[in-house]
Amino acid sequence: MAIVCITGASSGFGRASALKFAAAGYQVILCARRKERLDALSEQLEKSFGIPTYVMPVDVRDAAAVKIAFEQLPDHWKQIDVLINNAGLAAGRDAFQDANPDDWEAMIDTNLKGLLYVTKAVVPTMMQQRSGHIINVSSLAGREVYPQGNVYCASKHAVTALSKGLRMDLLPYRIKVTNISPGLAETEFSLVRFKGDADKASQVYAGYEPLHPEDIADVIFFAATRPPHMNLEEITLLPTAQSDSRTVYKEQ
Ligand code: NDP
Ligand code: 8X3
């Protein structure tokens, strides 16, 4: 059965994707920093779906650690068919002039550079196989910009651009590249963005129904299961209550 590698598998979209792919019989590589969460998910997937999993606790910002983690994969697990580059975060929501540069570093290092390191580690095997699918989780923030979104939006615009560039360069190797751009979805995203302030985080999702992690997992799975001749280039999905980055219709 095919192998899927999911970064950011300990929460939100990544966790929901792991459940979705495992239910369909995929073998799953679970990558994130919080090993105890990955271990618990691994046990759940193996028990519920009878598929093998591989737990890869790694910080995608650490280029050397990423390289070693993929080099140390047993040969069987190196044959990755689908890579879901999903690990990412927003750190803070401040006007540019008020923002903490440490937050910029965290977003650029994770959302862009982490994605580069992981992709660089996986692409050689896909090239040898002359097949593979890279699914990058960008964002509506990778297509539009909103106030106080400056560097997060820039990092996700970079992901969208990189999806296009990867598609061009990997074309001769029959490697598909899909860019996924979700709007507002309730996960741990806002809790991380607001540094543990649960009240502030819950306000983001009040008064309307945001996307659920399973919605994004469904779309990722759909993209990954198209026939070999077909690639979904870009998918944008929004909650019904959202029309664009700045406009959400909230019930009072
Ligand atoms: P969550 O915070 O729920 O999940 C983020 C995941 O990324 C976690 O598993 C986390 O694992 C992992 N991660 C973060 N930093 C690192 C790192 N340095 N190394 C390895 N793993 C890391 O958020 P979402 O599920 O919502 O976010 C997933 C992706 O979707 C992100 O790229 C986000 O920008 C994007 N997105 C989110 C939207 C939303 O509204 N929620 C909308 C559009 C896009 P751990 O902490 O264990 O390392
Ligand atoms: C996350 C969605 O619009 O809150 O990418 O930045 S948004």
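**Two ligands in a predicted model**

Ligand 2 sits in the largest pocket. A pocket is, on a 1 Å grid over the protein atoms alone, an open set of points where a 1.4 Å probe fits, with protein on both sides within 12 Å along at least five of seven lines; a molecule sits in a pocket if more than half of its atoms lie within 2 Å of its grid points. This is a predicted model, in which local features need pLDDT of at least 70, side-chain atom pairs count only at pLDDT 80 or more, and totals for chains, interfaces and linings use all residues. Residues are numbered from 1 along each chain, chains are lettered from A and ligands numbered from 1 in the order written, and side-chain values use heavy atoms, without hydrogens and water.

User: Which residues surround ligand 2?
Analyst: A residue counts as near a molecule if one of its heavy atoms lies within 4 Å of it. The residues are S139, Y146, Y152, L184, F189 and R193.

User: How much of the exposed area of ligand 2 does the protein bury?
Analyst: A polar contact is a pair of N or O atoms within 3.5 Å. An oxygen atom of ligand 2 is 2.5 Å from a side-chain N or O atom of S139, and for Y152 the distance from such an atom to a ligand 2 oxygen is 2.5 Å. Taken alone, ligand 2 exposes 240 Å² (Shrake-Rupley method, 1.4 Å probe), and the protein buries 88%.

User: What share of the accessible area of ligand 1 does the protein cover?
Analyst: Ligand 1 sits in the largest pocket, and 29 residues surround it. A polar side-chain atom of K156 lies 2.8 Å from an oxygen atom of ligand 1, while a nitrogen atom of ligand 1 is 3.0 Å from a polar backbone atom of V60. Of the 880 Å² that ligand 1 has on its own, the protein covers 96%.

User: Which residue forms a salt bridge with K35?
Analyst: A salt bridge is a side-chain nitrogen of Lys or Arg within 4 Å of a carboxyl oxygen of Asp or Glu. Side chains of opposite charge can pair when their charged atoms come close. Both partners lie in helix 2 (residues 35–49; a DSSP run of H or I of at least four residues), four residues apart, about one turn of the helix. With the closest N and O atoms 2.7 Å apart, the partner of K35 is D39.

Notes. Polar contact = N/O pair within 3.5 Å; in protein donor to acceptor, adjacent residues only side chain to side chain. 1 Å grid on protein atoms, 1.4 Å probe; cavity = no way out; pocket = protein on both sides within 12 Å on 5 of 7 lines; lining within 4 Å. Helix = DSSP H or I, 4+ residues; strand = E, 2+ residues; numbered from the N terminus.
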